[in-house]
Amino acid sequence: MSGNGAVWGRVRGRLRAFPESLAACGAEAAAYGSCVRASTAPGGRLVKDLCAREFEALRSCFAAAAKKTLRGSL
């Protein structure tokens, strides 16, 4: 059990660095938010996969940020 302290220390470090990594995805998050907002405005209609392209860009950015955060803590 004493060895778990090192593991939790690495995990905490990754979690602390993650928000900074996600901040690099601001443009993708704004594009996705704008798409959803436009489709839910009065007269708009939110339909499955309507904002799929924007969502995929945001998901890819988040995945890349997670990989960088993970690599940075090893």
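Visitor: Is aspartate 49 buried or exposed?
Guide: Aspartate 49 is exposed, with a relative accessible area of 57%. The classes are buried for under 20% relative accessible area, exposed for over 50%, and partly exposed in between, using a 1.4 Å probe and protein chains only.

Visitor: Where does aspartate 49 lie?
Guide: Aspartate 49 lies in the loop between helix H2 (26-40) and H3. Helices are DSSP runs of H or I with at least four residues, strands are runs of E with at least two, and numbering starts from the N terminus. The phi angle of aspartate 49 is near 70°, a positive value in a residue other than glycine.

Visitor: What kind of model is this?
Guide: This is a predicted model, in which local features need pLDDT of at least 70 and side-chain atom pairs count only at pLDDT 80 or more, while totals for chains, interfaces and linings use all residues. Residues are numbered from 1 along each chain as its sequence is written, and side-chain values use heavy atoms, leaving out hydrogens and water.

Visitor: What is the mean pLDDT of the protein chain?
Guide: The mean is 83, and 86% of the residues reach 70 or more; pLDDT is the predictor's confidence in each residue, from 0 to 100.

Visitor: New topic: how many salt bridges does a search of the whole structure find?
Guide: The search finds one. Arginine 59 forms a salt bridge with glutamate 56, and their closest N and O atoms are 2.8 Å apart. The term requires a side-chain nitrogen of Lys or Arg within 4 Å of a carboxyl oxygen of Asp or Glu.

Visitor: Where do arginine 59 and glutamate 56 lie?
Guide: Both lie in helix H3, three residues apart, about one turn of the helix. Arginine 59 is partly exposed at 42% relative accessible area, and glutamate 56 is partly exposed at 36%.

Visitor: What about serine 60, in which helix does it lie?
Guide: Serine 60 lies in helix H3 (residues 52-72) and is partly exposed, with a relative accessible area of 33%. The C-alpha atoms of serine 60 and glutamate 28 are separated by 9.4 Å, although these residues are 32 residues apart along the chain.
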